[in-house]
Amino acid sequence: MKCNEVKELLIEYLDESLDANRRQAVEEHLCACAGCREECDNLLASCAMLADYQAPAVSDQFTRQVLQKVHERSQEQPAAGLFDRLVAFISFRSLPALASLALLAGLGYFVLGNRAVDVNNEGLSGSQKFEIVRDLKDEDIIRDLEIYENADMLENLDLLVDLEAVENYEAEK
Amino acid sequence: MENDLERLPDEELMLRFQKGDEVGFRVLVDRYRQRIFAFTWRFLRGSQESEDIAQEVFVKVYFARETWRPAAKFSTWVYVITRNTCLQALKKMGPRLSVDSRQAEDGRELIETLADRKAPEPSGHVLAEEKSRRIADALDRLPESQKMAIILRRYDQLSYEEIAEVMNCSVQSVKSLLFRGHVALKEYLKECFADGV
């Protein structure tokens, strides 16, 4: 085995994770090569030095604080869960389902809308049916607007009636 | 009840926890808290946030319990979560990473004590802390992946296969990371301890 090959295996050798054959080959090389032996000793020393770097003990309150955080997050979770579910529902995966739903709703609107007009307006052509419906809505709106515009007049309705009565009386005369 | 659970293997506790037994979770936290905290503390260089981040790991374990599969070793799974949480924290904190101010202060005090010939010899405790700080310095000079592989191997005693699983790489990559990391670390430690402390 060459020096480079041995050096690359030194960490595995120190970790005792080499198979028997390679372990023996490394050991034989180390016996014969002072340079690799020194490298091996240095690596061993640096590994041993790492043992002096010890973390402090964790606080006594650690587990209690974890449980507290879990409790707090659980309180936040339902609202977030609902939002997440909503977002998930409107995600790409549900797009085909949503598109089908929209299509069905559209078809339903036209089919049922036409049927309702058919029932009320037998004998009329399709375009007329829509016109009539629109006219009915428009009439309502116009009536509301007229009431709004004539609100002053309506407030003085009694006066107007009286005036009309006077005018009629004079005309009759 | 809790005493009985303490004797159960991790995977059994996790299965119980998945079925709603929260005591199982508490036992797992007690069992792993020192290991996970030590990992975050070393990886984040004694940052003041290390304990919060270790707690965050267990909060994630709690809410991700359904994703654990009995075929997976609990310890490996918890280290995967720890690794991801640490990397997220590093990305978030970046240069703000606050090294424990007491450590830095102790380091300065020691240098002043050594410089002052009339001052009494520094205590063993102070020397040990200084040694720790220098090892932390040396580890910190390594690339993240080499540092993580060395911490998982030397301190957490994970096998090469487990490290590969935690770091999401091949066993061969782990061997390579450990080899290159140790060669560099040996040189950095030599530099850090050149004055013989």
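Here's a quick tour of a two-chain model, from chain A through the interface to a few helices of chain B. Keep in mind that the model is predicted. Chain A has eight helices and zero strands, and 29 residues of chain B are in contact with 23 residues of chain A.

**Chain A**

- Reading from the N terminus, the elements of chain A go α-α-α-α-α-α-α-α.
- Of the 173 residues in chain A, buried ones make up 8%.
- Take the contacts in chain A between residues at least 6 apart in sequence: 47% of them join residues at least 24 apart.

**Where the chains meet**

- On the contact between the chains, 29 residues of chain B go up against 23 residues of chain A. Four helices of chain B each supply at least two residues to the side that touches chain A: helix 3 (22-43), helix 4 (50-63), helix 7 (124-140) and helix 10 (171-192).
- Helix 3 of chain B gives the most to that side, with nine residues.
- Sorted by class, the side of chain B that touches chain A comes out as 16 nonpolar, four polar and nine charged residues.

**Helix 5 of chain B**

- Helix 5 of chain B has 20 residues and spans 28 Å from its first C-alpha to its last, close to the 28 Å expected at 1.5 Å a residue.
- Its buried residues are Phe74(B), Trp77(B), Val78(B), Tyr79(B), Ile81(B), Thr82(B), Thr85(B), Cys86(B) and Ala89(B).
- Those buried residues of helix 5 pack against helix 2 (10-18), helix 3, helix 4 and helix 9 of chain B.

- In helix 9 (residues 160-167) of chain B, the buried residues are Tyr160(B), Ile163(B), Ala164(B) and Val166(B). They sit on the same side of helix 9 of chain B because they cover an arc of only 165° around the axis.
- The cover over these buried residues of helix 9 includes helix 5 (74-93), helix 8 (144-155) and helix 10 of chain B.
- Helix 9 and helix 10 of chain B pack at an angle of about 100°, their axes 8 Å apart. So helix 9 of chain B is roughly perpendicular to helix 10 of chain B.
- At this contact, Tyr160(B), Glu161(B), Ile163(B), Ala164(B) and Met167(B) from helix 9 meet Val171(B), Val174(B) and Lys175(B) from helix 10 of chain B. By class, that's six nonpolar, no polar and two charged residues.
- Helix 9 of chain B is followed by Asn168(B), whose phi is positive, near 55°.

**Positive phi in loops**

- As background, most residues other than glycine have a negative phi.
- Glu16(A) lies in the loop between helix 1 (3-14) and helix 2 (20-32) of chain A. It counts as exposed because it has 7 C-beta neighbours inside 10 Å.
- Arg45(B) is another non-glycine residue with a positive phi, again near 55°. You'll find Arg45(B) in the loop between helix 3 and helix 4 of chain B. With 18 C-beta neighbours inside 10 Å, Arg45(B) counts as partly exposed.

Note on methods: Residues are numbered from 1 along each chain as its sequence is written. Chains are lettered from A and ligands numbered from 1 in the order in which they are written. This is a predicted model: local features need pLDDT of at least 70, side-chain atom pairs count only at pLDDT 80 or more; totals for chains, interfaces and linings use all residues. Two residues are in contact if their C-beta atoms, placed from the backbone, lie within 7 Å. Ala, Val, Leu, Ile, Met, Phe, Trp, Tyr, Cys and Pro count as nonpolar, Asp, Glu, Lys and Arg as charged, and the others, Gly among them, as polar. A residue is buried if 20 or more other C-beta atoms lie within 10 Å of its own, exposed if 12 or fewer, and partly exposed in between; C-beta atoms are placed from the backbone. The arc is that of the directions from the helix axis to the C-beta atoms. Axes are lines fitted to C-alpha atoms, for helices over the stretch in contact, and angles run from 0 to 180 degrees between N-to-C directions. Angles under 35 degrees count as roughly parallel, over 145 as roughly antiparallel, 65 to 115 as roughly perpendicular and the rest as oblique. The expected span of a helix is 1.5 Å times one less than its number of residues.
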